[in-house]
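This report is meant for a reader meeting the structure for the first time. Please look through the sequence and the model below before reading on.

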Amino acid sequence: MTASRIRWAILAVIYAVFLVWYGGSGDPISPEEAEQYITIAEERNSRQGAQERGDGDALAKLREFMENDDGQEFVMINLNVYREAPLYADGREASGSAQEAEMEYGRRIAPHLFVRAIHPLVMVDPAFSFGGIGDFERQDWSRVTLVRYRSRRDFLDFILKTSWMQDADHKWAALGRSHALAATPRVSFATVRLVPLLFLIVIGLLLDRIGARSRAARRPENL
């Protein structure tokens with residue numbers, strides 16, 4: 001096998017590993033798995049001695065979230081309003097801004113997100129509200145973030161099986177109000193999968209070019 005073919009084979013393996021890691025298509029959560037997740041959530045709530053932040057029917061929503069699983073990737077829409085300054089429940093002093101406190105939270109949970117191919121798609125700070133039609137409660141959100149999850153199973157593994165709650169105090173200190181919406185994407189993330197492929201193709205072509213020049217330089221001149 002030539003050096004060029006070996007390089008292309010290695011790049012193909014790298015891309016295959018990326019596709020497996022990035023995922024996005026799998027089996028829905030089974031009823032048995034759902035019960036296991038509910039048990040974990042109940043045990044965690046019992047240890048904490050309090051209900052989860054937000055609605056009192058969090059477990060019912062968690063169950064509905066799993067029952068509607070299609071096994072595909074999804075997008076979590078996070079709507080946040082920042083405090084003027086971080087406010088920690090334990091009363092500790094905060095030297096930075098609320099945004100900096102949330103960034104600290106993001107830095108700490110990054111390893112949990114990376115292994116599950118969880119990443120932001122877009123992050124925007126609304127500048128002006130034009131309102132709309134119909135009756136609705138006005139919400140002046142500070143930031144809107146769309147986060148891609150590989151599956152609902154990954155989301156549940158993250159919130160129920162990792163230590164993210166140990167770092168969530170930074171998140172709660174930063175946010176005065178927040179809302180999360182799980183959304184089903186109507187367009188594929190083909191572009192996200194295409195960019196690494198194009199990048200690897202460019203690398204392969206460059207290496208072939210460099211290899212060709214190297215061979216030409218070593219070739220003895222014709223007399």
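Which residues do ring pairs link into a cluster? Tyr 15, Phe 18, Trp 21, Tyr 22 and Phe 114 are the residues joined in this way, where rings of Phe, Tyr and Trp (its six-membered ring) pair if their centres lie within 6.5 Å, and planes under 30 degrees apart count as stacked, over 60 as edge-to-face and the rest as tilted.

The model is predicted, so local features need pLDDT of at least 70 and side-chain atom pairs count only at pLDDT 80 or more, while totals for chains, interfaces and linings use all residues. Residues are numbered from 1 along each chain as its sequence is written, and side-chain values use heavy atoms, with hydrogens and water left out.

**Rings and charges**

By the ring rule the count comes to 12 aromatic pairs. One of them is the stacked pair of Phe 74 and Tyr 149, with 5.2 Å from centre to centre and 10° between the planes. This pair links distant parts of the chain, since Phe 74 belongs to strand E1 (residues 74–82) and Tyr 149 to strand E3 (residues 143–149), 75 residues apart; helices (H or I, at least four residues) and strands (E, at least two) are DSSP runs, numbered from the N terminus. Phe 74 counts as buried because its relative accessibility is 3%, and Tyr 149 counts as buried because its value is 8%, where buried means under 20% relative accessible area, exposed over 50% and partly exposed in between (1.4 Å probe, protein chains only).

The charged end of Arg 148 sits over the ring of Tyr 22, 3.6 Å from its centre, and the charged end of Arg 152 sits over the ring of Phe 65, 4.6 Å from its centre.

How many of the 10 residues of H5 are buried? Eight of them are, so this helix is largely enclosed by the rest of the structure. The buried residues of H5 are Arg 152, Asp 154, Phe 155, Leu 156, Asp 157, Phe 158, Ile 159 and Leu 160, and they pack against helix H2 (31–48), H3, E1, helix H4 (98–115) and E3.

| Helices | Angle | Distance between axes |
|---|---|---|
| H3 and H5 | about 150° | 10 Å |
| H2 and H3 | about 160° | 10 Å |
| H2 and H5 | about 25° | 10 Å |

Angles under 35 degrees count as roughly parallel, over 145 as roughly antiparallel, 65 to 115 as roughly perpendicular and the rest as oblique. H2 and H5 are therefore roughly parallel to each other. A crossing is left-handed if the near helix is turned anticlockwise from the far one by less than a right angle, and right-handed if clockwise. H2 passes H5 in a left-handed crossing, the crossing of H2 and H3 is right-handed, and the crossing of H3 and H5 is left-handed. In this last pair, the contact (heavy atoms within 4.5 Å) is made by Leu 62, Phe 65 and Met 66 of H3 together with Arg 152, Phe 155, Leu 156, Ile 159 and Leu 160 of H5. Between H2 and H5, Glu 33, Tyr 37, Ile 40, Ala 41 and Arg 44 of H2 meet Arg 153, Leu 156, Asp 157, Ile 159, Leu 160 and Lys 161 of H5.

**Residues in loops**

Ile 29 lies in the loop between helix H1 (3–22) and H2, and it is buried, with a relative accessible area of 9%. Not counting residues up to four places away in sequence, Ile 29 touches Ala 34, Tyr 37, Met 66, Asp 69, Arg 152, Arg 153 and Leu 156. Ile 29 and Gly 71 are 42 residues apart in sequence and 7.0 Å apart in space, C-alpha to C-alpha.

Asp 167 is placed in the loop between helix H5 (152–161) and helix H6 (168–174), and counts as buried at 12% relative accessibility. Leaving aside its neighbours within four places in sequence, Asp 167 is in contact with Tyr 105 and Arg 108.

Ala 117 is found in the loop between H4 and strand E2 (119–124), and at 2% relative accessibility it counts as buried. Most residues other than glycine have a negative phi. Phi of Ala 117, however, is near 55°, a positive value in a residue other than glycine.

Notes
Lys NZ or Arg CZ within 6 Å of the ring centre and 35° of its normal. Axes fitted to C-alpha atoms, helices over the stretch in contact; angles between N-to-C directions.
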